[in-house]
Amino acid sequence: MSDLFSDQQTLKQVVAPGITLLKRYASTTELMPLIQQIKTQSPLRHMGTSMGHNMRVSSTNCGNLGGYSDDLGYRYLKNDPLTQQAWPSMPSAFKHLAINAAMEAGILNFNPDSCLINHYPIGISMGSHQDKEERDFSWPIVSVSMGLSAVFQIFGKTRSGVELEILLEDGDVLILAGPARLYYHGVKPVKADLMQPNLTDRYNMTFRQAR
Ligand code: MD3
Ligand code: FE
């Protein structure tokens with residue numbers, strides 16, 4: 001077994017019903033080169049929204065389906081509209097990480113077909129939203145954080161009113177299932193780390209079973 005998952009340092013925290021945090025679960029030194037490779041095939045880009053704005057984060061995908069947003073809204077696509085090719089395939093290390101993390105949260109048979117990769121430079125945030133374009137909400141979303149830390153906000157069943165804030169650090173994996181699956185959520189502006197001035201970015205991967 002590789003050390004991409006289940007090392008002795010991992011701490012499992014059930015933050016709330018349906019929200020499981022695995023501290024330091026992922027080895028980002030092994031994941032980041034794979035992300036760099038994916039970026040060369042399907043570059044990061046600022047996707048649009050149905051409101052005619054551009055997202056503050058830039059994004060790409062790997063896997064059979066990619067989460068894509070433009071003026072037509074959010075949906076899952078087989079091909080990257082930028083390259084008109086299939087999204088890069090999902091590295092087996094990514095898939096195993098997501099499946100094993102889901103198992104840690106008690107979810108068997110998770111089979112992610114989509115991995116959305118979001119890039120946050122310092123100062124960038126993500127506004128409150130729901131993830132609701134997947135077919136079956138009984139499958140979890142598995143999120144892997146890399147690089148700079150971020151404060152993740154969960155607002156619950158409505159867009160406003162902070163219910164919970166969770167610090168997501170390098171290597172942390174968050175599993176969203178059950179009642180939490182459709183909660184509104186967002187990310188506060190990413191801050192620089194004074195102790196690591198060369199660290200200038202946060203990456204997040206979200207694994208989904210879209211179809
Ligand atoms: C809670 N990404 O890509 S990951 C997204 O850090 C997204 O890039 C954030 O929200 C990021 O859609 C947060 C954690 C996450 C993902 C999906 C959720 C938390 C969630 C769905 C429901 C509730
Ligand atoms: Fe989301």
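**Exercise 1. The metal site**

Which spacing do the donors of the iron ion (ligand 2) follow along the chain?

*Solution.* This is a predicted model, where local features need pLDDT of at least 70, side-chain atom pairs need 80 or more, and totals for chains, interfaces and linings use all residues. Residues are numbered from 1 along each chain as its sequence is written, chains are lettered from A and ligands numbered from 1 in written order, and side-chain values use heavy atoms, without hydrogens and water.

Step 1. Find the donors: N, O and S atoms within 2.8 Å of the metal, or 3.2 Å for Na, K and Ca; water is not among the atoms, so sites may look incomplete. His129 (NE2), Asp131 (OD), Asp131 (OD) and His185 (NE2) coordinate the iron ion (ligand 2), at 2.0 to 2.7 Å.

Step 2. Read off the spacing. The pattern is H-x1-D-x53-H.

Step 3. Aspartate 131 sits in the loop between β9 (126-129) and β10 (141-147), and histidine 185 in strand β14 (residues 184-187), so the pair ties together parts 54 residues apart in sequence. Strands are DSSP runs of E with at least two residues, helices runs of H or I with at least four, both numbered from the N terminus.

Step 4. Check burial. Buried means under 20% relative accessible area, exposed over 50%, and partly exposed in between (1.4 Å probe, protein chains only). Aspartate 131 and histidine 185 are both buried.

**Exercise 2. The aromatic pairs**

How many aromatic pairs does the structure hold?

*Solution.* Step 1. Apply the rule: rings of Phe, Tyr and Trp (its six-membered ring) pair if their centres lie within 6.5 Å; planes under 30 degrees apart are stacked, over 60 edge-to-face, the rest tilted. The structure holds two such pairs.

Step 1. Take tyrosine 74 and tyrosine 76. Their pair is edge-to-face, with 5.7 Å centre to centre and 90 degrees between the planes. Tyrosine 74 is partly exposed at 29% relative accessibility, whereas tyrosine 76 is buried at 8%.

Step 2. Take phenylalanine 94 and phenylalanine 207. Their centres are 6.2 Å apart and their planes at 90 degrees, so this pair is edge-to-face. Phenylalanine 94 lies in helix α2 (residues 92-104) and phenylalanine 207 in strand β15 (residues 201-208), so the pair ties together parts 113 residues apart in sequence. Phenylalanine 94 is buried at 0%. Phenylalanine 207 is buried at 0% too.
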